[in-house]
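Hi,

Here is the structure I promised to pass on to you. Have a look at it first, and then read on for my notes.

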Amino acid sequence: MSCLQTIQDYGLRSIGFGERLLPRSDFTLCEQFTLIGSGMIWNIYFGVMALATGFFLATAVALGKASRRKWLRKPSEWFIFIFRGSPLFIQFFFAYFLFLSLKKTYPMFDAFTSAWLGALIVLFLNTAAYSGEIFYGALRSIPKGDIEAADAYGMSGWSRFRRIVWPTMLRLAWPAYTNEAIFLFHATTLVFFSAFPAWQQRGDALYYASYFADKTFNPFVPYPILAFYFILLTLVIVGVFGLINKRLNRHLPVARKAKMRFRLNLAR
């Protein structure tokens, strides 16, 4: 079988298109690259959807934690504490069995036991908690002079938040938020590795890498391929978030623009 035919057969297998059965023996390098790359579709889906939805919840949580009203501040503090204080692996584990228990009583929760929804909810809440703490720190760092200038111009309430507070918060938080986005995409490898089952062997990139490692007893081929894909994905994230960072800082002199700095997250 040619490599082109392998790509046609397995390129979209992780989402249900192509050959149903996985190769059993005589694994080629093309098969490993193709199937692990196919699994990356799930990793990208989880990361993009969790970031897109978690961003807005993170903003609300940060504002709640910064609020003077106790009924807003305390729930936000506890939300951040719970999801930052427990391992993501354990969150997947408990969420799956919670949804499984609810499914037995309420059939409407059937979809929540699937990775595409149940695991996405866990990632959404987890990244919202971490990002909320990042945004809260940025809110605390907004120069008082900016707020006083807004008051002097007669801005208040929504107008001041939309034109001064929110853009400044994003500008200050964006380098750290970029690190959170990178870590979130890496954390998507825990979805099928933890509790949520891969239906009909349709898993993510780590699922297929583990499959080849188990079948060949040689982890030094599939796992470097997996790392290669995630390095490419990280470069894309850095590029996209770097463009957004330039957009957020476009009004500042070159010497004052916040530079993107990345630090390795060894544990969470």
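Cys3 and Cys30 are joined by a disulfide, with 2.1 Å from S to S. This is a predicted model, and a search of the whole structure finds one disulfide. The bond ties together distant parts of the chain: Cys3 sits in helix α1 (residues 3-10) and Cys30 in helix α2 (residues 29-66), 27 residues apart. Which hand does the disulfide of Cys3 and Cys30 have? The torsion about the S-S bond is about 85 degrees, so the disulfide is right-handed.

The two ends differ in their surroundings. Cys3 has 40% relative accessibility and therefore counts as partly exposed. Cys30 has a relative accessible area of 16%, under the 20% cut-off, so this cysteine is buried.

Phe33 is partly exposed, at a relative accessible area of 30%.

Tyr96 and Phe97 make another edge-to-face pair, with 5.4 Å between centres and 80 degrees between the planes. Here Tyr96 is buried at 13% relative accessible area, whereas Phe97 is partly exposed at 40%.

Finally, there is an aromatic cluster formed by Phe55, Phe56, Phe135, Trp166, Trp174, Tyr177 and Phe241.

Best wishes

Methods:
Residues are numbered from 1 along each chain as its sequence is written. This is a predicted model: local features need pLDDT of at least 70, side-chain atom pairs count only at pLDDT 80 or more; totals for chains, interfaces and linings use all residues. Side-chain values use heavy atoms; hydrogens and water are left out. A disulfide is a pair of cysteine sulfur atoms within 2.5 Å. Helices (H or I, at least four residues) and strands (E, at least two) are DSSP runs, numbered from the N terminus. Buried means under 20% relative accessible area, exposed over 50%, partly exposed in between (1.4 Å probe, protein chains only). Rings of Phe, Tyr and Trp (its six-membered ring) pair if their centres lie within 6.5 Å; planes under 30 degrees apart count as stacked, over 60 as edge-to-face and the rest as tilted.
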